[in-house]
Structures are given as structure tokens and as C-alpha cells.
Amino acid sequence: MKILVVGSGGREHAIALKLKENPAVEEIFAAPGNGGMAAFCTNVGVKATDVEGMVAFAKEAGVDFAVVTPDDPLVLGMADAMEAAGIPAFGPSKAAAVIEGSKVFSKNLMKKYGIPTAKYETFDDEAAAVAYLKAQNVYPAVVKADGLALGKGVIIAKNEQEAVDAVHSMMSDRVFGESGSHVVIEEYLEGPEVSVLSFTDGQTLVPMISSKDHKRALDNDEGLNTGGMGTIAPNPYYTPEIAKRCMEEIFLPTMAAMNAEGRTFKGCLYFGLMITRDGPKVIEYNCRFGDPETQVVLPLLKSDLLTIFQAVRDGRLSEVPVEFSDESAACVIMASGGYPQKYRTGYEISGLDGMGQAEGVTVYHAGTKLEGGKFFTSGGRVLGVTAVGKDRAEALAKSYAAVEKISFADAHYRRDIGRIR
């Protein structure tokens, strides 16, 4: 089989490596891919958001199965376009991807179907949003841009001025473009965060192993929000009791709600959860695998990923085993100094072998390029160094030992990934 994986991050690297384990997979195209993927995939110079170009390439190359991974192309309808061209695809339809593409939609869905989430209001008028903030006068408050904003469209305002500034920057200054034409203002929830990715074909939903993401750039959860500086799996706060409540109160009701709305979701549905004093609540939905959660979840998957993808696409998920190891995984992100703001690229990376790997771990590439047999930095998040161990401590020790042997100029990483406070 010829497989196409759309995207260029560590998540796509992890998915492609897992797909490669299936003996039926003859060639993997990565579009646009990265330096680490180039070591075993055929990288293709098509932008992830170029729906027409991607479909044209897939037809020309004789692709047998497409995996549309990032949010942007899913929201644009790339999975639908692949199917319309006769190419089986893993990923939700445009109609279903709106669960991430519009926070207003997802919040209204939860309200309509009684799925636990933070109290909120939505606005398309700046003056009305500011008036609401002043009337509520409860801080911290959360201000969210409605649409996709590269994971950065959420601001936690500590006081009225910060909240008003956040609304203004989104609605008037359009710092997130059209994504900020509507905003959601919601109550600030407290408690441990949990990420649960799930496979669903719209009739069956199978949660994957839980994970914990570390979003802030600096140790002790300080600094700016990032796309994620590291992850652990399983999440120690996600007990069997909490998992049972999530399945009954959140996961299955969400699948049913999407069906009732005529937006059946087939793909990877991501639940961003907060374990509050009142029980688990939804912070956000994503319509795809999380990054860097995928980098700790897939190494623990014992079942064949391509078989699962095909079963999801065909509506046969109930027929396929989805089994995970009882071990632990840890991923430490090595980023360019200055990320998530200004940073330089083009630095040579040392400590990797010819496949872009290091002993005892799996190195998932994100912001890298391969030139003349050498790897160079090309983005903010550069590498995700993942290790598996019998428990969290062993996995973290292996990951950090490898990080110490990998280097590039201005490399930055957190030293407290996996620390439970």
C-alpha cells in the first residue's frame, strides 16, 4: 500500500512511524513532512492546507489511503475531498471538524446536550463582550477566539484590564484574523488537566491511554503558552473512576450529539478535560490527534494503527482490537531558544544518527530539515524525545538522558516535565 500522511510535525512523524510497522505499507508520502520523516518517507512539496494540490498529488501517485492529520486541512474539508476523488481517508468530514473549527459551535453543542463544561457566553460585538466582563467582574476569566489560531487563541485574563485588552486584540486588532470575529468568554476552571484522544467511527468510541501536556514555555508552568513542551502517559490524575464518568457523561454523549446534529464524527476525537471539584468538564475538543500527546500515546499502542484507521473509516471499529501497553511514556520537547516568540533556525543538530534517532529513545522530528545527510533546525518546536519505561520515573530518566546527548545552538527545554505537583 501507498499511504499519504498530511502534515509536518512531531505528531505526523509519530503516526507515520507507527503506520510503517504494518507489513502491507510499501511507501509513505509525507506532505510536506520534515527532516526526520525524510529518513523513511518520501517528502512531498505540497502545503498541508492545499486541498486541491493534495488531492491531485494523491491521485497522481496512486495513494491507497490518506491520513489527514492537522486541524486546518480537516476544517477545510480535505478528508471529504479525498473521498470524493475515490481515495479512502482517515479524518473527520468538514461538517464534523467544526467541533474544533468553531468554539462557539462546540460550546453551544455542550450546552444543548448537557455535556459538562465551563459556563460561558459568546459575542460578535466588542462593546457587548466588554459590558459582559464588567457586569460579571469575576477573575481569572477565559477569552477565546472562535476559530483556529494555532493553539494560541486562548487568553486567561487575571483582571478586567487584561480581559478587555484580550477582547480588543481579537475583535478589533484581529491578531488571530477572522478567528477573532466571534469570541467566547467563559469561567475559569481549576484542577488537573487531562488529554484523552479517542478513536470513533460514530457508532463505537474507544478512548486511548490518557496523557498530560505541559503547555507553558518555562519550568514550574511559567512563561508563555506554547503548542506543548512535553507530555507523559498515562496521566496520574485520570483514575478508573474518572474514566468511567468521562465515558458516561462526556465521550459517548458527544458522539451521540454529533450524530443528532447530522455531523457524524469519524476519526480521532480529542477531549481536553479539567478534573474539577464538581467532576470532569470539557475545556476543548480537537478534531484530530494532539501534539505532543500523540508522541506518548502511540508508542504505547500495541494494536496495528493502519488496521484501526481503516476500521474507523469503514465504520467497523467495534470489530478491531485496540490495546495499549501498561507501561509509561514521556516526551521532552527540545525547542529553539525564544520559542514561542522570535527564534532563529538553520542550526545543525548533533547527537542523532543517520535516521535522526538516538539510542534508547524515539526522536520525533517537528521543526527539522535534512540536508547533505545532516539535520538542521527549521522551526520553533524542533524535536520530541520520547522514552518508554516500566513507570513514569524510568521513562522520564531515559528521555532526559537522551536530551543531554542531543544539542543545537540555543536549544531550550523544560526540566520538570512529568513532575506532579
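Predicted model: local features only at pLDDT ≥ 70, side-chain atom pairs only at ≥ 80, totals over all residues.

Me: OK. What stands opposite I185 in β9?

Reply: V143 does. Strand β7 (residues 141–145) is joined to β9 by five bridges, and the two run antiparallel.

Me: And which residue is the bridge partner of E121 in β9?

Reply: I185 is the partner of E121. Strand β6 (residues 120–123) and β9 are joined by four bridges, antiparallel.

Me: Switching to rings. How many aromatic pairs are there?

Reply: The count comes to 10 aromatic pairs. Take F90 and F289: the ring centres are 6.4 Å apart and the planes are at 40°. Planes under 30 degrees apart count as stacked and over 60 as edge-to-face, so the rest, this pair included, are tilted.

Me: Where do F90 and F289 lie?

Reply: F90 is in strand β5 (residues 89–90). F289 is in the loop between β17 (279–286) and α11 (294–297). The two are 199 residues apart in sequence, so the pair ties together separate parts of the chain.

Me: Buried or exposed, that F90?

Reply: Buried. F90 has a relative accessible area of 3%, and the cut-off for buried is under 20%.

Me: And F289, buried or exposed?

Reply: F289 counts as buried too, at 2% relative accessibility. F289 also forms an aromatic pair with F199. That one is edge-to-face, 6.1 Å centre to centre with 70° between the planes.

Me: How many residues apart are F199 and F289?

Reply: They are 90 residues apart, so to speak of the chain, the pair links distant parts. F199 sits in strand β10 (residues 193–200), and F289 in the loop between β17 and α11.

Me: What's the relative accessible area of F199?

Reply: It is 0%, so F199 is buried.

Me: Which residues do the ring pairs link into a cluster?

Reply: F90, F199, F289 and F309.

Me: Last topic, charges over rings. Where does R415 lie?

Reply: R415 lies over the face of Y413. The distance to the ring centre is 4.4 Å.

Conventions. Residues numbered from 1 in each chain as written. Heavy atoms only, no water. Phe/Tyr/Trp six-rings, centres within 6.5 Å; stacked < 30°, edge-to-face > 60°. Buried < 20%, exposed > 50% of the residue type's maximum accessible area, 1.4 Å probe, protein only. Lys NZ or Arg CZ within 6 Å of the ring centre and 35° of its normal. Pairing = 2+ DSSP bridges.
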